Amino acid sequence: MFVLLIMILISGFSVAEEIMPLTEIEAGMQGKAKTVFYGDKVEEFPVEIIDIMPDQGLNRDLILIRAGGEKIDEIGGIAAGMSGSPVYIEGKLIGAIGYGWSFSEGNYALVTPIEDMLALINSEDNEGIENSNLAERGLSTPLLVSGLTGRSFDRLKKDLESLGLELTPYNVSTGGRAELKTKLEPGSAVAVQLVRGDINIGSIGTVSYLDESGNILAFGHPFFNKGEVDYMLSSATIRGVIPSMQQPFKLGSPNKELLGSITVDRGAGIAGKLEKYSRVIPLRIRVSDQEREVENKVNAQLIRDEDLITSLVTNIGLESLDATLDRIGEGTARTRFKITANGLPELSIERENMYYSRHDIASLALLDLYQVMDIITGNPFQEVNLIDIQYDVEVDHTAQVALVQEARVINQEIRPGDQVEVEVILHPYRGEVFTKNVMIEIPEDTQPGMASMVIDGGFTGQSYQHLPEDSTQEDDLNQAVVQGYKDFPSIIEDYLEKPKNNDLIIQVHPGYTPDDIEAEDENKQGHEAGDQEDERKENKEESPENTAAPDQESKEEGERIDNREIEETEIKEIVETDYVLEGNLSLDINIKDINSKNTPDITEERVEKGE
């Protein structure tokens with residue numbers, strides 16, 4: 001019998017123990033498997049080879065086994081969380097338990113051959129083996145979630161459904177064994193973590209293989225099946241195996257000590273390296289309930305995965321707000337985020353804002369954070385390596401919101417170069433009205449004539465926005481955000497310059513001058529003439545003599561009009577207030593020629609929109 005011995009070199013990696021290749025495995029062979037049923041003690045249970053299952057994927061075979069023994073019978077069969085449990089025949093490793101069936105005889109399982117798993121080591125250029133046909137009957141690896149409850153848990157669950165993961169709430173923090181160094185061995189319980197800290201999100205599995213170089217294999221099936229990854233790896237403590245009609249599952253929690261990282265996630269399982277640690281993203285959130293004088297701080301470490309990070313950040317933020325406020329309802333929030341990353345202008349960006357909601361202030365207060373995270377992770381121009389995320393929010397139960405109710409121009413007449421004083425009447429919710437006077441300068445090169453002045457509240461149009469309920473809305477947002485931009489910095493710059501919800505915005509839009517109208521007409525005529533000439537050429541309606549002598553003067557004039565850029569100076573003034581502002585007004589104003597006589601000006605006030 002051909003045996004691969006310890007330390008034999010195979011395909012560029014060393015094997016840490018004897019293995020038995022698939023070609024030597026036969027039905028009826030007896031062996032054993034290793035796993036943890038409780039705590040961190042590795043125990044054995046008997047297995048029998050039933051058959052080799054060929055073609056369970058592209059050029060892939062699996063081994064059908066039947067497990068037995070007192071422990072397996074007691075828990076009702078192979079449990080989720082046992083994936084990765086190594087299987088031995090005659091003391092030689094043949095593979096790891098990877099797949100089973102729900103609502104069936106629980107003692108049967110499929111084993112991933114060790115040859116396929118060993119190929120994961122040093123597999124940066126290996127595309128791996130797809131196993132989508134096995135996903136539905138695989139040993140589901142539930143994502144254990146500690147620290148998220150209620151709607152934040154439900155939202156995250158919905159976000160991750162498309163990845164085929166089942167979320168299980170488990171409100172037990174990390175194990176308290178930071179002072180001990182866990183001795184890993186095949187059969188030990190490990191946790192692959194997406195988030196760790198005050199919030200813990202990860203899956204429990206079993207070590208399949210270790211070697212003296214620190215290479216580790218586990219699961220025997222994919223986690224996300226994303227190829228090259230960077231997930232946190234820690235030891236785990238099993239609290240028990242929970243019986244279930246569908247499939248029993250291990251309930252466990254990650255220990256405080258990190259062991260290393262998982263770097264490969266493919267069809268045959270996951271692979272990683274001990275003492276090679278993930279590059280995580282610290283997330284720090286502070287929420288203050290001003291009414292109850294309650295403050296909470298949440299600290300967590302997140303994996304670097306652009307497909308998951310926005311959902312993780314916003315749902316942890318929602319949990320922080322819900323837990324601190326202990327209610328869902330009305331309120332005013334003052335928010336601030338600071339994001340540090342390689343690829344951002346000046347390495348970091350900051351933004352403050354103010355929100356009001358009558359129904360759900362916690363969800364609305366996260367809108368800025370969600371939008372900027374979606375821009376960063378979804379932008380098509382460049383990779384942004386996040387370094388740190390901070391988010392602060394202070395919530396007051398009072399309704400600090402006001403309506404832009406009326407406005408008038410104080411100046412008797414307006415000319416280019418003038419400072420125009422605008423008196424705006426604001427009406428706070430169930431409060432007394434007050435006025436805000438704003439000065440706005442009319443540039444000296446502004447063309448005389450009728451102009452429109454718009455007075456706007458920064459929150460107008462935001463009232464009905466909220467956090468998207470699923471990732472499809474994230475995609476829609478991203479497509480809208482990047483449209484018309486040619487690089488990432490310009491997107492971020494425009495986003496940060498957006499008015500805040502408590503800003504009072506006054507903007508003047510000068511009307512068209514006769515020269516502008518004439519230029520527009522000439523431009524239109526030039527395009528029409530060009531279109532007609534193109535049509536004549538396509539239909540061959542003109543003679544060679546005519547096509548050889550076009551009206552060169554008209555053509556050049558048309559080109560001059562087409563290439564002409566009309567610069568329009570933005571006339572805008574933004575003033576910060578203590579209220580979230582809703583509604584807008586529009587006034588018609590007459591900008592007089594600077595040389596005209598000093599005659600009183602008539603400014604017409606017209607309410608376009610108000611709420």
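Helix H1 covers residues 70-75, and Glu-74 lies in it; helices (H or I, at least four residues) and strands (E, at least two) are DSSP runs, numbered from the N terminus. Glu-74 counts as exposed, at 60% relative accessibility. For these labels, buried is under 20% relative accessible area, exposed is over 50%, and partly exposed is in between (1.4 Å probe, protein chains only).

This is a predicted model, where local features need pLDDT of at least 70, side-chain atom pairs count only at pLDDT 80 or more, and totals for chains, interfaces and linings use all residues. Residues are numbered from 1 along each chain as its sequence is written, and side-chain values use heavy atoms, with hydrogens and water left out.

Back to Glu-74. Together with Glu-70, Asp-73 and Glu-105, Glu-74 makes up a patch of negative charge on the surface. A patch takes residues with over 30% relative accessible area and no salt bridge, and joins like charges within 9 Å. Asp and Glu count as negative, with the charge placed at CG of Asp or CD of Glu. The areas are Shrake-Rupley values with a 1.4 Å probe.

Now the paired charges. Side chains of opposite charge can pair when their charged atoms come close. The whole structure has 20 salt bridges, each being a side-chain nitrogen of Lys or Arg within 4 Å of a carboxyl oxygen of Asp or Glu.

Take Lys-32 and Glu-44, whose side chains form a salt bridge at 3.0 Å, N to O. Lys-32 is in strand E3 (residues 30-36) and Glu-44 in strand E4 (residues 42-53), so this bridge ties together parts twelve residues apart in sequence. Lys-32 is partly exposed at 30%, and Glu-44 is partly exposed at 47%.

Next, Asp-360 and Arg-151 form a salt bridge, with their closest N and O atoms 2.6 Å apart. Asp-360 sits in the loop between strand E20 (348-357) and helix H5 (361-364), and Arg-151 in helix H3 (residues 150-160), so the pair links parts 209 residues apart in sequence. Asp-360 is buried at 18%, while Arg-151 is partly exposed at 22%.

Is the pair Arg-351 and Asp-368 buried or exposed? Arg-351 is buried, with a relative accessible area of 5%, and Asp-368 is buried at 3%. Their closest N and O atoms are 2.9 Å apart, in a salt bridge. Arg-351 belongs to strand E20 and Asp-368 to helix H6 (residues 367-378), so the bridge ties parts 17 residues apart in sequence.

Last, a network of salt bridges links Arg-286, Glu-295, Asp-392 and Glu-394.

Conventions
Patches are made of residues with over 30% relative accessible area and no salt bridge: like charges are joined within 9 Å, nonpolar side chains (Val, Leu, Ile, Met, Phe, Trp, Tyr) within 5 Å.
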